[in-house]
Amino acid sequence: MSIAERSTGTVWEGPLASGTGRLDSGSGALTGLDVTWAARTETPGGKTSPEELAAAAHSSCFSMALALKLGEQQLTPQRLDVRATVTLDEVNGLPTIVSSALAVKAQVSGLDAAKFQQIIDETAELCPVSRLFAGAKISVKAELE
């Protein structure tokens, strides 16, 4: 039995260059999000993209995994700010998500830099979205404030 299943669907109308899509999630949290090829590859203009959604998934997953790993060390974060930048590039003539760069700023009392880096490394191995992106280059720049 799985831990969780969530769904999202997109209805697309028209050709790639001029068409539009609308994304809705099963939870209702992502209702009516517009997607276009131009928003994906040029200026977003208030629309989202698969890469932005993947970045949202990665940053939120990593922050939860980091909170878990800190808790295992009896440490409580005052604040975790996790940002993800997902890059779409051309590989062998095909658009490919090639990387996800995480930037972490953490406020955690009673934690030194060496232990923090160890916990970050463990978190990178734990985060399910990091494992989903296993074929992409994932980097984590972490800063303990």
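Helix H2 is followed by Gln-74, a residue whose phi is positive, near 60 degrees; helices (DSSP runs of H or I with at least four residues) and strands (DSSP runs of E with at least two) are numbered from the N terminus. The structure is a predicted model, in which local features need pLDDT of at least 70 and side-chain atom pairs count only at pLDDT 80 or more, while totals for chains, interfaces and linings use all residues. Residues are numbered from 1 along each chain as its sequence is written, and side-chain values use heavy atoms, with hydrogens and water left out. The protein chain has four helices and six strands, which run from the N terminus on in the order β-β-β-α-α-β-β-α-α-β.

**Two residues with positive phi**

- Gln-74 lies in the loop between H2 and E4, and its phi near 60 degrees is a positive value in a residue other than glycine.
- Gln-74 is exposed, because its relative accessible area is 68%; buried means under 20% relative accessible area, exposed means over 50%, and partly exposed lies in between, with a 1.4 Å probe and protein chains only.
- Asn-92 is also a residue other than glycine with a positive phi, in this case near 50 degrees, and Asn-92 lies in the loop between E4 and E5.
- With a relative accessible area of 77%, Asn-92 counts as exposed.

**Helix H2**

- Helix H2 covers residues 50–72, and its 23 residues should span 33 Å at 1.5 Å a residue, which agrees with the 33 Å between its end C-alpha atoms; the expected span is 1.5 Å times one less than the number of residues.
- The buried residues of H2 include Ala-54, Ala-55, His-58, Cys-61, Phe-62, Leu-66 and Leu-70, and Glu-51 and Lys-69 are also among them.
- The buried residues of H2 pack against helices H1 (37–41), H3 (113–126) and H4 (128–132), and also against strands E4 (77–91), E5 (94–108) and E6 (137–144); contact here means heavy atoms within 4.5 Å.

**The hairpin of E4 and E5**

- Strands E4 and E5 form a hairpin with two residues between them, and Asn-92, with its positive phi of about 50 degrees, is in the turn.
- The pairing of E4 and E5 is antiparallel and runs over 14 bridges, where two strands count as paired if DSSP finds at least two bridges between them.
- One of these bridges joins Arg-83 to its partner Ala-103 in E5.

**The sheet of E1, E2 and E3**

- Three strands form an open sheet in the order E1-E2-E3, with antiparallel pairing.
- Strand E1 (8–13) and strand E3 (33–35) stand at the edges with a single partner strand each, so one side of each is left without a neighbour in the sheet.
- Neighbouring strands of this sheet are turned by 25 degrees against each other on average, direction ignored; the axes are lines fitted to C-alpha atoms, for helices over the stretch in contact, and angles run from 0 to 180 degrees between N-to-C directions.
- E1 and strand E2 (residues 20–25) pair in the antiparallel sense over six bridges, and in E2 the bridge partner of Thr-8 is Ser-25.

**Ser-25 in strand E2**

- Ser-25 lies in strand E2 and is buried, because its relative accessible area is 12%.
- Leaving aside residues up to four places away in sequence, Ser-25 touches Ser-7, Thr-8 and Leu-30.
- A polar atom of the Ser-25 side chain lies 3.4 Å from the backbone nitrogen of Ala-29; a polar contact is a pair of N or O atoms within 3.5 Å, and within protein one must be able to donate a hydrogen and the other to accept it, with residues adjacent in sequence counting only if both atoms are side-chain atoms.

- Asp-112 is found in the loop between E5 and H3, and at 47% relative accessibility Asp-112 counts as partly exposed.
- The side chain of Asp-112 reaches the backbone nitrogen of Lys-115 at 2.7 Å, and a polar atom of this side chain lies 3.2 Å from the backbone nitrogen of Ala-114.
- The C-alpha atoms of Asp-112 and Pro-128 are separated by 26 Å, with the two residues 16 residues apart along the chain.

**The chain as a whole**

- The C-alpha trace of the protein chain spans about 55 × 35 × 30 Å along its principal axes.
- Of the 145 residues in the protein chain, 28% are buried.
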